[in-house]
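Which side-chain contacts does this model hold, and where in the fold do they lie? The paragraphs below go through them by type.

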Amino acid sequence: MQWQFSNDAPIYTQLIGQLKVGIVSGDIPPGQRLPSVRDLATEAGVNPNTMQRALAELERDGLVYSQRTAGRFVTEDEAAIRGARRSLAEQHIRNFLRAMEGLGYRKEEIMSLLGQETEEKQ
């Protein structure tokens, strides 16, 4: 996994986001065993406590679960994955709309631009 961090948000929230994207996109498939906290932290270049915090949050969200002696796994609950995917999509849409409104576009203009863009792609 390619880890990228910025200075505009806490590292653990960025870890959560990047792991969620990996899960909902299928890059980290349902049922897959995750590397250990220490291995993931080393790979990402972060403190193991920070990675542990991110994984604990993903467990609370139902996207990851622990088996006592076997480690952590990605959920096989398709509804949970679809829900997380939808939530991420809605977040991206809100951010996009906020940015476009910051540029002075009204919702009707944004919709027109999107329509033009999708027509060009077809």
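The model is a predicted one. The side chain of Asp-61 forms a salt bridge with that of Lys-20, at 3.4 Å from N to O. Lys-20 belongs to helix H1 (residues 11-25), while Asp-61 is in the loop between helix H3 (48-60) and strand S1 (64-67), so this contact ties together parts that are 41 residues apart in sequence.

How many salt bridges does the structure hold? There are six. Another of them lies within helix H3, where the side chains of Glu-57 and Arg-60 meet at 2.8 Å, N to O. These two residues are three apart in helix H3, which means a separation of about one helical turn. Glu-57 is partly exposed, with 25% relative accessibility, whereas Arg-60 has a relative accessible area of 59% and is exposed. The value for Arg-60 is over the 50% cut-off for exposed residues.

Helix H4 (residues 78-102) holds both Arg-86 and Glu-90, which are four residues apart, about one turn of the helix. Their side chains also meet in a salt bridge, with an N to O distance of 2.8 Å. Here Arg-86 is exposed at 56% relative accessible area, and Glu-90 is partly exposed at 32%. Salt bridges with shared partners also join Arg-106, Glu-108 and Glu-109 into one network.

The remaining contacts involve aromatic rings. Arg-53 has its charged end over the ring of Tyr-12, at 3.6 Å from the ring centre. That distance is within the 6 Å limit used for a charge over a ring.

Between aromatic rings themselves, the count comes to one pair. Its members are Tyr-65 and Phe-73, with ring centres 5.7 Å apart and planes at 20 degrees, so the pair is stacked. The reasoning rests on two cut-offs: centres within 6.5 Å make a pair, and planes under 30 degrees apart count as stacked. A pair of aromatic rings is described by the distance of the centres and the angle of the planes.

Are the two partners buried or exposed, or partly exposed? Phe-73 has 11% relative accessibility and counts as buried, because the limit for buried residues is under 20%. Tyr-65, with a relative accessible area of 29%, is partly exposed. The stacked pair therefore joins a buried ring residue, Phe-73, to a partly exposed one, Tyr-65.

Technical notes. Residues numbered from 1 in each chain as written. Predicted model: local features only at pLDDT ≥ 70, side-chain atom pairs only at ≥ 80, totals over all residues. Heavy atoms only, no water. Phe/Tyr/Trp six-rings, centres within 6.5 Å; stacked < 30°, edge-to-face > 60°. Buried < 20%, exposed > 50% of the residue type's maximum accessible area, 1.4 Å probe, protein only. Lys NZ or Arg CZ within 6 Å of the ring centre and 35° of its normal. Salt bridge = Lys/Arg side-chain N within 4 Å of Asp/Glu carboxyl O.
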